[in-house]
Amino acid sequence: MKSTPTIAVLASGEGSNFQALCDATQSGVLNARIVGLVASRAGIGVLEKAKTVGVPAQVLNPKSFPDRGQWDQQVLKTLQNWKAEWVVLAGFLSLIGPEVLKTFPQRIVNIHPALLPKFGGAGMYGIRVHQAVIEARASETGITIHLVDGEYDRGRVLAQVKIPVTGISDAAVLADRVRELEHEHYPRVLNDLVWGRLTQA
Ligand code: GRF
């Protein structure tokens, strides 16, 4: 029988998705082991959450390294020490380096709080995404779960879930709705992916 897949999470913020993934490993929705958390900054909420649930965490801030190459090497070393098989981004704001990309081909996943390719790319994160959706008068928004390549918010789409925007003019309200969707679907899609059961989006 196949052993339980191992996942490392990379995050830069509050970590509500990290928490949802941890909860899902407890409830059985995500049949995987979360072996570690890489945080790109010190003092962020996700680190507290990792401490509470007992997941080992490492702060690796790209700005604390002489260059991006050395940061990339250190991220890779950390993931390998944890024996991570999958790398899951949950609000990670740094671009993944070439060494990590090369070592985890088709095994790095991201979630974006809109329907890519719209409302994505460098600088499109947090509330800005939802503001842009409202300003564009889009009729629907949602989430995109996709494989990661060397650019922001690109890579093969694994799943999208849509909701109507109609009647919502407050970006914070939209952000809450989309976050709920993320927490519901990210664990489920990851479970299908790591067990080889994902049918193409
Ligand atoms: C989420 O909206 C995710 O889609 C995006 O970053 C946000 C992270 O939120 N990539 P949280 O830190 O998990 O609460």
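I begin with a definition: a residue is buried when its relative accessible area is under 20%, exposed when over 50%, and partly exposed in between, for a 1.4 Å probe and protein chains only. The model I am reading is predicted, and local features need pLDDT of at least 70, side-chain atom pairs count only at pLDDT 80 or more, and totals for chains, interfaces and linings use all residues. Residues are numbered from 1 along each chain as its sequence is written, and side-chain values use heavy atoms, with hydrogens and water left out.

**Entry: the aromatic pair**

I looked for paired rings of Phe, Tyr and Trp (six-membered ring for Trp; centres within 6.5 Å; stacked if the planes are under 30 degrees apart, edge-to-face if over 60, tilted for the rest), and I found 1 such pair. Trp71 and Phe92 are stacked, with 6.3 Å from centre to centre and 10 degrees between the planes. Because Trp71 belongs to helix H3 (residues 68-81) and Phe92 to the loop between strand E4 (86-89) and helix H4 (98-103), the pair ties together parts 21 residues apart in sequence. Helices (H or I, at least four residues) and strands (E, at least two) are DSSP runs, numbered from the N terminus. Trp71 counts as buried because its relative accessibility is 2%, and Phe92 counts as buried at 7%.

**Entry: the nonpolar core**

I then turned to nonpolar cores, which are sets of buried Ala, Val, Leu, Ile, Met, Phe, Trp, Tyr and Cys residues joined through side-chain atoms within 4.5 Å. The largest has 36 residues, of which Phe18, Leu37 and Ile145 touch the most other members. Helix H6 (residues 171-194) gives this core its largest share, 7 residues.
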